Amino acid sequence: MTAISVRDLRKTYGTTTAVDGVSFEVAPGETFGLIGRNGAGKTTTVECLIGLRKPDQGSVTVLGIDPANRRELARRVGVQLQDGALPDRIKVGEALKLFASFYPAPADVKALEATWDLGKLRNQAFGDLSGGQRQRLLLALALVGNPELVVLDELTTALDPVARRETWDLVRAMKLAGTTIVLVSHFMDEAEELCDRVAVLRAGKVAAIGPPRELMERAGAQSLEGVL
Ligand SMILES: Nc1ncnc2c1ncn2[C@@H]1O[C@H](COP(=O)(O)OP(=O)(O)OP(=O)(O)O)[C@@H](O)[C@H]1O
């Protein structure tokens with residue numbers, strides 16, 4: 001059983017080849033990282049995983065589902081997107097309740113508020129939140145459906161160092177609970193800390209794939225940055 005299977009994925013935008021024959025598998029319960037420099041094809045790959053973009057070629061299945069079937073996918077997969085946004089006037093508590101109402105067995109909203117330190121912000125409008133507060137709310141919303149798999153794109157961008165560490169602990173807790181996690185990150189320390197395996201994307205291709213330590217040893221690098 002695999003949680004995600006990507007085979008020979010290709011996607012172009014006009015004359016730009018964003019993803020050029022990417023293949024990988026993710027096991028259930030695994031934390032899998034997609035890393036690479038700007039423009040390497042990470043976001044496009046993730047967008048194909050969650051059905052936001054249709055591959056030009058290749059096959060993708062997520063929990064056995066073809067991502068084109070977005071409704072079925074959305075019931076089982078939580079997504080925290082890089083540019084996730086909500087209407088400015090929606091309040092934090094309203095957003096959590098609204099999103100919870102979309103799912104048959106949602107997480108407990110009070111518990112999520114406590115976990116993500118959102119209780120005090122319950123009556124605050126999305127438009128008035130700081131960058132870090134928005135990020136925490138978007139993460140909580142990704143988890144409100146009790147997903148089996150979560151996709152986290154730029155998990156800790158906009159978070160201060162303390163909030164980053166706290167978020168890492170929460171990701172570890174998700175992992176312990178058996179959730180499969182796909183993590184897109186520009187922070188190599190984050191990928192090293194959290195991922196069981198990473199795929200290094202370079203110009204739309206998988207340049208290397210494996211556990212962070214192994215990739216570093218193979219490349220004779222002190223950190224994952226040396227592998228990019
Ligand atoms: N909507 C689009 N239209 C045209 N070109 C695009 C579009 N989205 C991405 N691209 C191009 O496709 C390539 C891959 O982009 P993608 O966003 O997938 O990379 P990335 O690794 O996520 O980059 P970053 O780290 O900067 O977010 C880049 O050359 C980018 O300019």
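Let me begin with the ligand, which is surrounded by Tyr13, Thr16, Ala18, Gly36, Asn38, Gly39, Ala40, Gly41, Lys42, Thr43 and Thr44, where a residue counts as near if its C-beta atom, placed from the backbone, lies within 6 Å of the molecule. This is a predicted model, in which local features need pLDDT of at least 70 and side-chain atom pairs count only at pLDDT 80 or more, while totals for chains, interfaces and linings use all residues. Residues are numbered from 1 along each chain as its sequence is written.

The largest share of that shell, three residues, comes from helix H1, and strand E2 (16-26) and H1 (42-49) each supply at least two; helices (H or I, at least four residues) and strands (E, at least two) are DSSP runs, numbered from the N terminus.

Turning to the sheet, three strands form an open arrangement in the order E2-E1-E4 with antiparallel pairing, two strands being paired if DSSP finds at least two bridges between them. E2 and E4 (57-62) stand at the edges with a single partner strand each, so one side of each is left without a neighbour in the sheet. Strand E1 (residues 4-13) is joined to E4 by five bridges, and Arg7 has Ser59 as its bridge partner in E4.

How does H1 lie relative to these strands? H1 lies across E1, E2 and E4, running at about 120 degrees to E1, with contact meaning that C-beta atoms, placed from the backbone, lie within 7 Å, and with angles running from 0 to 180 degrees between N-to-C directions of axes fitted to C-alpha atoms, for helices over the stretch in contact.

Notes. Contact = placed C-beta atoms within 7 Å.
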